[in-house]
Amino acid sequence: MTVDFALRLASAAARVLAPDGGSVLIGKDTRVSGYLFEAALEAGFVAAGVDVRLIGPLPTPAVAYMTQRTGCDFGVMISASHNPYEDNGIKFFDREGGKLSDAAEAAIEAALDLPVLTVPSQRLGRATRIDDSRSFYQEHCQQSVPSGVRLNGLKLVIDGANGAAYKVAPRVFSDLGADVVPIGCSPNGRNINDGCGSTAPSLLQLTVPGVRADAGLALDGDGDRVVMVDHLGRVMDGDQLLYIIARARHEQGTLKGPVVGTVMSNLGLEHALAALGIPFRRAKVGDRHVLEMLRDLDGIVGGETSGHILCLDRATTGDGIVSALQVLAVMCATGKSLAELATGMTKYPQVMINVAVARRIDPLTVPAIAEAVAGAEAQLANRGRVVLRASGTEPLIRVMVEGEERGEVREIAESLAATVRAAAAG
């Protein structure tokens, strides 16, 4: 990510998504580099004749929502999500607040090497700031719970990861009546996800019982993921939250289609949903693949263990605040604690071992590895699962084994890892 790249990307995106002019909405998280990339994108879009709407630091799902609400041709979020502040990235949304199609992404990539587009002066775009975006998004989040639902009487700890949701998240929950204790809500440009947020919930785990809160929630840097903590400080990950939301929808008669997880979703989630008669499907890792499968199967609820949860009857993309509100609404409706709501699902022990390889390979095409996997699956039978997959970003083979007995799971995982290591070395 460089200024030059951001400028060229803006030009390429304008050629593909707004070839005759139009408008784009730009949001960002709290990274210090967001200022320079925002300026570079703004320059590239204005030069290409595209009007720019700037909304400042707001969560990724706010960009998706506001793109749709304002009628912009597309939206852009500047964020590296749960990564440290040194990283940054750029995400695109279409005019409906959804992910870009594969064809659109390919076209933008193909246009990256073209000269930066600059239209005649009379056709240059304009840049303006939308100062009421936060209140519009806040209202959208609050409307995601049933009419009349209030959080009065609940004491909540909100960890904003010093990121994009640092201001809007505490306001959403406090305006619904909760007694809010904010942490990780003091960004300085360099402390995003630093010892806080959904990838580092230890501070939240200490704070919730420390202040005698009913629950806590931790968002990631761009606010599209959430994990929660019960009153005893125990983490509830995306699988457990997905179970609570899906079960409530099922009991209300509003659940459509199967629940969609990923190949890494805990087997306990699949078994718990099966006990309720709820079908479950697994997509490849990545919220994009979960979304695609939900659309293909006419489903509305899915997500990943990381806490990236999709409630398509409430939002067009993963939204940490909206997801947490769905869980809290169930707590209010049932009078049960977060811990009680999660008791219907038993998490199976899961062991993950990353095996470094010199080159990227499909592990299941190697006979020795395929044979070892078959043996492990036969040993576990219906008591567990084995997943081997190549990392999409690193020269690693990820070996994941889960089952009822932790000792057995660890032993099988280590044996498979050794087989992969030996095969990769050969």
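Predicted model: local features only at pLDDT ≥ 70, side-chain atom pairs only at ≥ 80, totals over all residues.
1. The five-stranded sheet. Five strands make an open sheet with mixed pairing, in the order β4-β3-β1-β2-β5. β4 and β5 (127-129) are at the edges and have a single partner strand each, so one side of each has no neighbour in the sheet. From one strand to the next the twist averages 25°.

2. Pairing and packing in that sheet. β1 (residues 22-28) and β3 run parallel and are joined by 5 bridges. Within this pairing, Ile-26 has Val-76 in β3 as its bridge partner. Helix α1 (residues 3-17) packs on the sheet, where it touches β2 (50-57), β3 and β4. The direction of α1 makes about 10° with that of β4.

3. A loop residue next to the sheet strands. Ser-81 lies in the loop that links β3 (74-78) and β4 (90-94). Its phi is near 55°, which is a positive value in a residue other than glycine. Is Ser-81 buried or exposed? With a relative accessibility of 9%, Ser-81 counts as buried, since the cut-off for buried is under 20%.

4. The three-stranded sheet. Another open sheet has 3 strands in the order β15-β17-β16, and its pairing is antiparallel. Here β15 and β16 are the edge strands; each has a single partner strand, so one side of each is left without a neighbour in the sheet. The twist averages 10° from one strand to the next.

5. Bridges to β17. Strand β15 (residues 350-356) is joined to β17 by 7 bridges. Gln-350 has Glu-402 as its bridge partner in β17, and Val-351 has Val-401. Strand β16 (residues 384-390) is likewise joined to β17 by 7 bridges, and these two strands run antiparallel. One of the residues involved is Val-387, whose bridge partner in β17 is Met-400.

6. Burial of β17. How many residues of β17 (residues 396-403) are buried? The count is 8 of its 8 residues. In a regular strand the side chains alternate between the two faces of the sheet. In β17 both faces are covered. One side carries Leu-396, Arg-398, Met-400 and Glu-402, and the other carries Ile-397, Val-399, Val-401 and Gly-403, all of them buried.

7. The bridge between Val-351 and Val-401 belongs to the pairing of β15 with β17. Helix α13 (residues 367-380) packs on this sheet and touches β16 and β17. Its direction makes about 160° with that of β16.

8. A helix pair. Helix α8 (residues 238-252) and helix α9 (residues 267-275) have axes that come within 10 Å and cross at roughly 10°. Angles under 35 degrees count as roughly parallel, and α8 and α9 are therefore roughly parallel to each other. Their crossing is right-handed. On the α8 side the contact involves Asp-239, Leu-242, Tyr-243 and Ala-246, which meet Leu-269, Ala-272 and Leu-273 in α9. By class, this contact has 6 nonpolar residues, no polar residues and 1 charged residue.

9. Asp-298 is in the loop between α10 (287-296) and β13 (301-303). Its phi is near 60°, again a positive value in a residue other than glycine. The relative accessible area of Asp-298 is 49%, and this residue is partly exposed, whereas Ser-81 is buried.

Conventions:
Residues numbered from 1 in each chain as written. Heavy atoms only, no water. Buried < 20%, exposed > 50% of the residue type's maximum accessible area, 1.4 Å probe, protein only. Helix = DSSP H or I, 4+ residues; strand = E, 2+ residues; numbered from the N terminus. Pairing = 2+ DSSP bridges. Axes fitted to C-alpha atoms, helices over the stretch in contact; angles between N-to-C directions. Parallel < 35°, antiparallel > 145°, perpendicular 65-115°, else oblique. Left-handed = near helix turned anticlockwise from the far one by under 90°. Contact = heavy atoms within 4.5 Å. Nonpolar A, V, L, I, M, F, W, Y, C, P; charged D, E, K, R; others polar.
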